[in-house]
Amino acid sequence: MLVLGIETSCDETAAAVVADGRRIRSSVVASQADLHARFGGVVPEVASRTHVELIIPVLAQATVEAGVELGDVDAVAACHGPGLAGALIVGVSAAKAISLATGAPYVGVHHHEAHLYAALLEDPDAGPPLVTLVVSGGHTLLVAMDDHLRYRVLGQTVDDAAGEAFDKVARFLGLGYPGGPAIDRLATTGDPHAIAFPRPMLDDGLDFSFSGLKTAVVQHLRTHPDAEVADVAASFQAAVVDVCITKLLRAAQVSGIDTVVIGGGVAANTALRARLLDDADAAGLRAVLPSHELCTDNAAMIAAAADYRLARVGPTPLDGGIDPSLRLD
Ligand code: KG4
Ligand code: ZN
């Protein structure tokens, strides 16, 4: 079963070919980050126009690297939400066009469902039930996957997403866009205990809040203009990691599930990964950490999720549209 996946929900134009929902035959990601960097964040109109320019070459590279023709694929999938409307339309239109031309069924995939399936691509033993923390630029949520395609959202952010906090703090520190990798790098030279930033809602259930933490960083820099930037980055990152991992382990405990997974761009964070390995080990939980390439946006995760969706639910009608605020449950 060969699935061609397409991902264009934000600022990555990606296409991939995955066999049997588990084996990556090719995965091509064209990042537009450099184009958006000078604006300090993703500009939706620039993203849509760039997806239009990149989608055909990216699709061509994905099929060539997989050694297949478009006509060889058994299904074609695209992320149909949530995301930027003009960006989603490009990937979904390409997938539908291929479906019409080749007769392969079309499958629309939820972006977070795909982040959940990323973990299954590298670990042959990974599978439900599991609890996943999806931490990306637009979302922060804790999801229990009881079975394939059966999800319960256990918690989510009440304001900013974790990645959004990384990006905003990085912009304030003058580190550019995207901010997460820049803070991750700088934090390795700083002291995570230097500043006791707040851990919002740490003891309070499974929801998250990052807006107050971001404000605390800005306030600290205003009152301590000579603060060591690496210490600020490391201390901010430590606060985010503390909240994220504490809540992920709490979610596993309350749901009685013993496999914990991370996904989304922030799951590439070095400190977050190290802390998860330590804490899961101490708690007797199994931790699944997808590689950096599979944490950040890619199309292999779209193809993987589509494989399970096609087998259990069937194809998505070709008149199905996009939904910028599509819900997981
Ligand atoms: O999942 P993703 O690639 O796109 C969305 O669906 O949003 O996540 C992008 C987010 C950005 O906010 C970026 O700053 C953050 O992930 N990110 C990181 C790291 N790499 C990417 N945050 C912290 N540490 C990293 N190493
Ligand atoms: Zn994402």
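How many bridges join strand β9 to β10, and do these strands run parallel or antiparallel? Three bridges link β9 (residues 259-263) to β10, and the two run parallel. Within this pair, Val-260 stands opposite Ala-287 of β10. Helices (H or I, at least four residues) and strands (E, at least two) are DSSP runs numbered from the N terminus, and two strands pair if DSSP finds at least two bridges between them.

The model is predicted, with local features needing pLDDT of at least 70 and side-chain atom pairs counting only at pLDDT 80 or more, while totals for chains, interfaces and linings use all residues. Residues are numbered from 1 along each chain as its sequence is written, chains are lettered from A and ligands numbered from 1 in the order in which they are written, and side-chain values use heavy atoms, leaving out hydrogens and water.

The protein is divided into domain 1 (2-117 + 297-312) and domain 2 (128-289), with bounds that come from an automatic or database domain assignment. Their C-alpha centres are 27 Å apart. In the contact of the two (heavy atoms within 4.5 Å), 16 residues of domain 1 meet 14 residues of domain 2.

The strands β9 and β10 belong to an open sheet of five strands, ordered β8-β7-β6-β9-β10 with mixed pairing. At its edges stand β8 (150-156) and β10 (286-288), each with a single partner strand, so one side of each has no neighbour in the sheet. From one strand to the next, the twist averages 25°. Helix α9 (residues 270-283) lies across β9 and β10, at about 175° to β9; such angles run from 0 to 180 degrees between N-to-C directions, along axes fitted to C-alpha atoms, for helices over the stretch in contact.

Another open sheet of five strands has the order β3-β2-β1-β4-β5, again with mixed pairing. Its edge strands, β3 (23-31) and β5 (106-110), each pair on one side only. Here β4 (residues 75-81) and β5 run parallel, joined by five bridges, and Ala-77 has Val-107 of β5 as its bridge partner. Helix α4 (residues 111-118) packs on this sheet, touching β1 (2-7), β4 and β5.

Finally, the axes of α2 (residues 44-66) and α3 (residues 85-102) come within 8 Å and cross at roughly 30°. The two helices are therefore roughly parallel, a label for angles under 35 degrees. Their contact includes Val-52 and Ile-55 of α2 and Val-90 and Ala-94 of α3.

Methods. Parallel < 35°, antiparallel > 145°, perpendicular 65-115°, else oblique.
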